[in-house]
Amino acid sequence: MHAFPRTFRSLALTALLAGASLAHAQSAAVDADKQKLIDQILTLWHPENAVVIAVQRPAAEAMEKSKIALQQARLPQPKVEAAMKDIATDVQKYVDTVTPLATNSAKKNLPTTVAPMLAQNFSVDELKQLLALLQSPVKSKFEKLIPQAD
């Protein structure tokens with residue numbers, strides 16, 4: 001039930017990142033004040049996290065589907081556990097390999113994707129408001145409650 005907001009946020013961020021290339025092509029030089037605000041926003045927002053979640057999702061799905069398949073095969077429990085242990089090792093290798101690659105790639109591309117889009121679509125005053133929202137203690141308090149709701 002709570003997966004929808006996460007999925008929506010991921011889809012929204014993906015659309016944001018995809019559309020950012022167009023925004024970059026259309027953007028002009030950004031003044032220093034605006035760029036400073038954008039840099040601060042990107043430091044607090046961490047849009048690269050959605051990319052990491054997207055590349056890790058197949059690993060979680062593989063584990064889940066493997067467990068179901070092994071249970072349906074009606075194998076003895078020790079064999080299921082051994083197979084799941086082997087699969088978990090492989091999945092962890094995948095996660096350990098792709099996570100830093102995805103994080104680095106996303107961070108590398110932020111200045112040419114998300115940053116120009118923010119510059120094009122938000123005024124300095126709006127960026128200040130967005131920064132205040134991201135720095136808000138109320139937001140931080142709310143985010144701490146989210147895991148309890150899941």
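Author: A residue is buried under 20% relative accessible area, exposed over 50%, and partly exposed in between (1.4 Å probe, protein chains only). This is a predicted model, in which local features need pLDDT of at least 70, side-chain atom pairs count only at pLDDT 80 or more, and totals for chains, interfaces and linings use all residues. Residues are numbered from 1 along each chain as its sequence is written, and side-chain values use heavy atoms, leaving out hydrogens and water.

Reader: How many helices and strands does the protein chain have?

Author: Both are DSSP runs, numbered from the N terminus: helices are H or I with at least four residues, strands E with at least two. The elements run α-α-α-α-α-α-α from the N terminus. The count is zero strands and seven helices.

Reader: What share of the residues in the protein chain is buried?

Author: The chain has 150 residues. Its accessible surface is about 10400 Å² (Shrake-Rupley method, 1.4 Å probe). Carbon and sulfur atoms hold 61% of that surface. The buried share of the residues is 25%.

Reader: Which residues of H5 are buried?

Author: Helix H5 spans residues 114-121 and is mostly covered. Six of its eight residues are buried. They are Val114, Ala115, Pro116, Met117, Leu118 and Ala119.

Reader: How are H2 and H6 oriented to each other?

Author: H2 covers residues 32-45 and H6 residues 124-135; their axes lie 10 Å apart at about 25°. Axes are lines fitted to C-alpha atoms over the stretch in contact, and angles run from 0 to 180 degrees between N-to-C directions. Angles under 35 degrees count as roughly parallel, over 145 as roughly antiparallel, 65 to 115 as roughly perpendicular, the rest as oblique. H2 and H6 are therefore roughly parallel.

Reader: How do the residues of the contact of H2 with H6 divide?

Author: Contact means heavy atoms within 4.5 Å. H2 brings residues including Leu37, Ile41 and Trp45, and H6 brings, among them, Val124, Leu127 and Leu131. Nonpolar takes in Ala, Val, Leu, Ile, Met, Phe, Trp, Tyr, Cys and Pro; Asp, Glu, Lys and Arg are charged, and the others, Gly among them, polar. The division is two polar, two charged and 10 nonpolar.

Reader: Which residues does Leu44 touch, not counting residues up to four places away in sequence?

Author: Leu44 is in helix H2. At 35% relative accessibility, Leu44 counts as partly exposed. Its C-alpha atom is 7.6 Å from that of Gln135, 91 residues apart along the chain. With that sequence exclusion, Leu44 touches Leu131, Leu134 and Gln135.
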